[in-house]
Structures are given as C-alpha cells and as structure tokens.
Amino acid sequence: MSSMMKEPKGVKLENISKIYKDPKTGKDFYAVNNVSLDIAPGSFITLLGPSGCGKTTTLRMIAGFESPDAGEIYLGGEAINQLPPNKRDTAMVFQSYALFPHYNVFDNVAYGLKLRKVPKDEIHERVTKILELVELSGMESRMTNQLSGGQQQRVALARALVVEPGVLLFDEPLSNLDAKLRVQMRTEIRRIQQKLGITAIYVTHDQSEAMSISDQIILMKSGVIAQMGTPMDIYYHPNSEFVADFIGECNFIKGTVSANTADATEVQIGDSKVTVMSDKDAVIGEEAEIVLRPEAITLADTGMLPCTVELSCFMGSYQNYHVRVGDTLVKIADNCPVNKKIFNVGDKAFISFDKFCAHIL
C-alpha cells in the first residue's frame, strides 16, 4: 500500500485547557486542565480513564470539534487551533460508526475522496486497496444494514483511512460490539496501524483494550494526566493508588520501612519483614504501601507473610484465593493450579512474592 505510506505526523499539546459550565450548579469546571503531550509520529497512543476524566474532550480538541480555552495544538509542527475539522490532517472513527445507510460499502468509503474531488479512477483504486486491507473485498455493493457490527466497524475504519490522514483518531470505536468481537477488532486495528505506520490516538475506558494495543497509555483523572507510560510501566510501576487500581486488579499492603539500600527496601508488616525493589525515596520509619498484583503472589505452607484463607475457588486457568494478612484482604490468582496443593477456607498458609513484582507507592 505504497500510496498510504506517507510520513506520519506527530501531535503536540501545549498547556491545553477546556472549561465547561456545570448545568446543575452554573459554575465553571475544567474538563481538561493544563494538559501537555508530545505524541511521536507513527505511535499508537491511548487516552484511558473513567467517565468524565477529559479523554474524549482532549480527542475532540485535536479533531477540531471542540476549541481549547487555553493552550495550543500542533499537528506535524503546524499550529491548528484555528483550523476547522475538515482542514486538519486527521480522520475520526466514531463510536456510532456514522455510516450512510442509503449508500453501499463502496460509496461510504469513497465519500471523503469525492468531497475532495479526487479523480474517479483514483477513487476506485484507493477504495479497492483499502477494502482489501480491512478484509472487505467483494462487499463493495452491500448496503451497510446488511453488514454485521464488526463489518460496519471495518467500513468506518476504511472510510477514515482512505483519505490518508496524518493522524487517525478513535472515539471508543468498539463499545457497541460484543466482547469476543471487540478483542478481534482491536487486534485488527493494531495490525492495520502497524502495517501503515500511521499515528493513532485512541480513546477508551477499557483498560484491557488499552493494554493490548498501545505503545503508550495516557491515564487521565479529573481533566489531568495521572500517569503516562508503556502498558508495562503503568502496570508494574503505578505512581498512585488510583493508577494501580484502574489498571488491572491490585492489592495494597501497608507496612513500615525498616531498612533501605541501593538494592532493596525492607518493609515491616506485622511481625514479619519483606523485601521489595529499592525505593530511593523510602525513609526508615515511615509508612509504606506495597502494591502487589494477584498473579504475582504464591500461596504455600511456608513463606513471607502468614495468612488465613477466606475464599478458595477453581477458575480453570487459575485458583482464585482471598486471604487475610493481618487486617488486609489480599487477592491471589495462583496460575495453573494442577498438581499444586489447593488450600481451603480456614486454612493457615503463607504468601510470598518476588521483590521485582512488588512496588512501593
């Protein structure tokens, strides 16, 4: 698809803010508050967060559907605040697909090219190629109401891609699909983005979706960036309880820092001591909160911290335990439990974990 392989563009936000008026109180509030971002050309970035965190507003400001009240947006080095949506080198894939029901697949995909007065032969060539890319070849004459939800989403994706945008924007594009189809389509979107090398900015509230497709995740809360990093960075090194809890399931075990070296930090929990990765900011005598993922913990007859089993449930690929460590409930996903000892409710046991799997907040 050489015609599609033009240079991708980066996106830069400098101190962007958007203020709305609360209809109930009549007071102004920041939907987006002084956000700065630098998105590299060709990368896949996901704006993630709960409802009302500012992720969709940020995307709509990049697209030109909303105007920032402060700050500047740059696309490929060009300031675009004053440009209307149709003059920006972007294309949006919407949650609702926004297809024309009275057009067939070919005409839906070709719509943007016709508006741009692209020659007829070129339109045919580009639409044919893009339908091949999204695996809809042979469906050109089908009406959109004859298509499944996944096929309709592919048409919407093809329509956005065929105009060869510098940046592709996605506004929760998979939320209307069933769970199995969502997984299939997110894999397809990532495959196509990587094949074309296009810059993509994707909005979702689904953390597993964000983890599976992103080069970088921007996790937002109350109009600001809570944390930005690779999926692995954010999962294993969350910078707050909010981030840790939003990305996957998490345990928080409180203790007191008892020793700290260049290699490790020792934390006193009840009558026991555990070692975690070194935290240079940890101060001896201060309270520490250890973040532990359920799959990072093992349960055995001996180990680091004594516990009592409160729930034991076979889940197929893992044994699901809830155990009580002191006053703290700890969730454990003991993977592949076949040929392992299964602990029952009321059993006394010990939890253990690798120091590289623990993180101090």
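Visitor: Which residues in α2 meet which residues in α4?

Guide: In α2, Val105, Asn108 and Val109 do the meeting. Their partners in α4 are Val155, Ala158 and Arg159. By class, this contact of α2 with α4 has four nonpolar, one polar and one charged residues. (Ala, Val, Leu, Ile, Met, Phe, Trp, Tyr, Cys and Pro count as nonpolar; Asp, Glu, Lys and Arg count as charged; the others, Gly among them, count as polar.) Contact means heavy atoms within 4.5 Å.

First, a word on the basis. This is a predicted model, in which local features need pLDDT of at least 70 and side-chain atom pairs count only at pLDDT 80 or more, while totals for chains, interfaces and linings use all residues. Residues are numbered from 1 along each chain as its sequence is written, and side-chain values use heavy atoms, leaving out hydrogens and water. Helices are DSSP runs of H or I with at least four residues, numbered from the N terminus.

Now the geometry. Helix α2 covers residues 105–115, and helix α4 covers residues 149–161. Their axes (lines fitted to C-alpha atoms over the stretch in contact) lie 7 Å apart, at an angle of about 30° (taken between N-to-C directions, from 0 to 180 degrees). So α2 is roughly parallel to α4, a label for angles under 35 degrees. The crossing of α2 and α4 is right-handed: the near helix is turned clockwise from the far one by less than a right angle.

Helix α4 has another partner, α5. The axes of α4 and α5 come within 11 Å and cross at roughly 20°. That makes this pair roughly parallel too. The crossing of α4 and α5 is right-handed. From α4, the contact takes Gly149, Gly150, Gln153, Arg154, Leu157 and Leu161. From α5 come Leu181, Gln184, Met185, Glu188, Ile189, Ile192 and Leu196. By class, the contact of α4 with α5 has seven nonpolar, four polar and two charged residues.

Stop at one of these residues, Glu188. Glu188 lies in helix α5, which spans residues 179–196. Glu188 counts as buried because its relative accessibility is 11%. (Buried means under 20% relative accessible area, with a 1.4 Å probe and protein chains only.) What does Glu188 touch, leaving aside its neighbours within four places in sequence? Glu188 is in contact with Glu135 and Arg154. Arg154 belongs to the α4 side of the contact with α5.

Methods: Helices (H or I, at least four residues) and strands (E, at least two) are DSSP runs, numbered from the N terminus. Buried means under 20% relative accessible area, exposed over 50%, partly exposed in between (1.4 Å probe, protein chains only). Angles under 35 degrees count as roughly parallel, over 145 as roughly antiparallel, 65 to 115 as roughly perpendicular and the rest as oblique.
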